[in-house]
Amino acid sequence: MTATDIHRAIEAVWRIESARLIAGLARIVRDVGVAEELAQDALVAALEQWPESGVPRNPGAWLMAAGKNRAIDHLRRNKRIERKHEEIGIELEARQMAVPEVEAALDDPVGDDLLRLVFTACHPVLPPEARVALTLRMLGGLTTGEIARAFLVTESTVAQRIVRAKRTLAEKQVPFEVPRGEELAARLTSVIEVIYLIFNEGYAATAGDDWMRPGLCDDALRLGRILAELAPQEPEVHGLVAMMELQASRGRARVGPKGEPVLLYEQNRSLWDQLLIRRGLAALDRAYKLGEAQDGDVGPYVLQASIAACHARARTPEQTDWRRIAMLYRELVRLQPSPVVELNRAVAVGMAFGPAAGLELVDALSAANALENYHLLPSVRADFLMKLGRMDEARLELERAVSLAQNGREKALLVERVQKCAASTS
Amino acid sequence: MRFMMLMMPKGYEDAKPGTMPDPKAVGAMMAYNEQLQKAGVLLALDGLHPPSMGVRVSFQGGQPNVLDGPFPEAKEVVGGYWMIQVKSREEAIEWATRCPGSDNETIELRQVMEFSDFPPDVKEAASAFPEMQEKTGQST
C-alpha cells in the first residue's frame with residue numbers, strides 16, 4: 001500500500017470509528033470537547049504509525065486504546081492541577097472518577113455512549129449552526145474542511161464555531177447524558193431538527209451554484225438511520241428517516257443534465273430510487289405503528305413523511321392524491337404554524353381544488369406580509385395567476401421572484417419562466 | 001456511493017438443493033449485519049438458495065435456452081449480498097474486512113452505477129425516458 005492508500009484507509013476507519021471513539025472517551029473525561037481532542041490525537045498517532053506498521057487488524061480497538069491512554073494522562077494531569085489548587089486553598093469540585101474506575105467504565109459495554117454524544121452535540125445551549133457543525137464533526141466524522149465546503153463558509157468559520165461550541169458546553173457544564181422524562185422529548189426535537197437542517201441544506205441549497213449537495217443528504221440520512229437505531233421507540237425519529245429516504249429517492253430526478261433543477265411535477269419518475277422509496281415507506285409504517293401503540297398523535301415529521309409518501313406512491317403526477325396532501329398540510333399548519341408550511345399548503349390546495357382556491361391562501365399570506373423576501377411566494381402566486389390566465393400579473397410576480405432568489409440554479413429557472421410568460425402575452 | 005458486497009461461499013456451486021447455512025455462522029453474521037445497520041450504512045441484504053435450485057437462461061445464437069442448476073462450469077457463485085451506502089471505496093473495503101467470513105468465503109465488492117457516473121451520451125439517452133413513457137401512455 002502506498003502512503004496515499006494508507007491515508008485513505010485511515011480516513012475510512014475514522015469515518016466508521018470516530019463517533020464511537022469520541023463517545024467512549026467522553027464517558028471517561030466527561031467533556032465532549034476534550035474527548036474530541038483526545039480522539040484527534042489518537043488519529044494523529046495512527047497517521048504517524050500506520051504507514052510504518054500497516055493498518056492494525058482491529059483498527060477501532062487500536063484507536064480506542066490510544067485514546068484511552070491519552071484520556072488517562074489527561075485525568076492524571078487534571079488531578080495534579082486540582083491537588084495544587086487545593087493546596088493553595090481553591091475549592092474545586094472533586095473529580096468523579098479515579099483512574100482504575102476509568103478502566104472499569106471502558107469495559108462496561110453500555111451502548112448509550114453514542115446517544116449521549118448525540119444529545120450533547122445537539123444541546124439547545126448552542127446556536128443551531130454550532131449544533132450542526134458539531135454533529136457533523138463528532139457523529140458524521142467530517143473534517144472541518146468538509147463541513148466548510150458543504151455550507152459554503154470558510155474553514156476558519158467552521159473551526160471557530162466548533163471551538164466556541166466546545167467551550168460553551170464546558171462552561172455551561174452540559175452533562176454528558178441522555179436526558180430523561182419531559183426533557184427527553186424536548187431535546188430529541190432538537191436532535192431531529194439538526195439532522196433535518198443538514199439534510200435540507202443538502203437537498204435545497206439556500207445559496208451557491210449547486211441546486212443540491214447530495215453528499216450532505218447522505219450524511220444526514222446516515223445520521224438519521226443511526227438515530228433510529230439508538231432511539232427505536234420514537235415515532236418522530238422514524239418519521240424523520242422516512243421523510244429523508246423518500247425525499248432522497250427523488251435526488252437523481254431533481255437535477256437535469258445541465259445541473260438545472262427539475263420540479264416534482266416534471267420529474268422523470270423512472271429515475272426515482274425504488275430502494276429508498278421502499279425503505280422510506282417501511283420507516284413511515286414503523287412510525288405509524290409506534291405512534292398508535294403510544295398516544296396515537298402524529299408528529300410533524302411523520303406528517304411530512306406522509307406527504308412525501310403521497311408523491312412516492314403516485315406513478316404519474318396525475319395520480320397524486322392532492323386532497324390527502326392538502327389535508328396533511330392542514331394538520332401540519334395546525335401543529336407547526338409557519339408561513340412556509342402555509343405556502344406549501346396553498347400549492348396542494350391549488351392542485352386539489354383549483355388555482356383560485358390556492359391563490360386565496362397565497363393572497364392571505366401576502367396580505368399578512370409574511371415571507372416578504374422569500375422567492376417562492378411570488379413564484380407560487382405567479383403559477384396560480386398563469387393558470388387563471390392573468391399573465392401580466394404573473395410576469396410581475398415572476399420578476400419579483402427572480403430578484404429574491406439566492407440560489408443561482410433557481411434564479412435561472414425563474415428567468416426562463418419570465419421569458420415564457422412574456423412570450424405567451426405578446 | 002453504493003456498493004454491493006457479494007458473498008461467494010466456496011462449495012456453494014454444487015451444494016445440494018435446500019442446503020442451509022450453519023446457525024452458528026449465521027449468529028456471527030447477524031452481529032456483523034447489526035453493526036452495519038447501527039452505523040447507518042446498510043440499505044438491503046439477502047441470502048440466496050444454492051444454484052442447484054436455480055436456473056440459467058442463455059442466448060446462444062439469439063435463441064433463449066433454459067438450463068436447470070447445478071451448473072457444471074460454475075466456479076464461484078453468489079450466496080448472498082449486502083447493499084451498503086458509504087463515502088468511499090476504502091470505507092466499503094473497511095466494512096468488508098470486518099465480516100466474520102470463514103476459510104471458504106470470499107467477498108466481492110462492486111460499486112453500483114449511479115446516474116452521475118454516466119458519461120453525457122448515456123445521460124442524454126436516459127433523458128429521453130419521459131418521452132418514451134408518454135408514448136406508452138405512462139405519461140410523466
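In chain B of this predicted model, 76% of the contacts (heavy atoms within 4.5 Å) between residues at least 6 apart in sequence join residues at least 24 apart. Chain B contains four helices and six strands, arranged along the sequence as β-α-β-β-β-β-α-β-α-α; helices (H or I, at least four residues) and strands (E, at least two) are DSSP runs numbered from the N terminus. Of the 140 residues in chain B, 32% are buried (under 20% relative accessible area, 1.4 Å probe, protein chains only).

In chain A, the axes of helix α9 (residues 181-203) and helix α10 (residues 214-230) come within 7 Å and cross at roughly 155°. Axes are lines fitted to C-alpha atoms over the stretch in contact, and angles run from 0 to 180 degrees between N-to-C directions. α9(A) and α10(A) are therefore roughly antiparallel to each other (angles over 145 degrees). On the α9(A) side, the contact involves A:V191, A:I192, A:I195, A:I198, A:F199, A:E201, A:G202 and A:Y203, and on the α10(A) side A:P214, A:L216, A:C217, A:A220, A:L223, A:G224 and A:L227. These residues comprise 12 nonpolar, two polar and one charged, where Ala, Val, Leu, Ile, Met, Phe, Trp, Tyr, Cys and Pro count as nonpolar, Asp, Glu, Lys and Arg as charged, and the others, Gly among them, as polar.

Residues are numbered from 1 along each chain as its sequence is written, and chains are lettered from A and ligands numbered from 1 in the order in which they are written. Local features need pLDDT of at least 70, side-chain atom pairs count only at pLDDT 80 or more, and totals for chains, interfaces and linings use all residues, while side-chain values use heavy atoms, with hydrogens and water left out.

Terms used
Angles under 35 degrees count as roughly parallel, over 145 as roughly antiparallel, 65 to 115 as roughly perpendicular and the rest as oblique. Buried means under 20% relative accessible area, exposed over 50%, partly exposed in between (1.4 Å probe, protein chains only).
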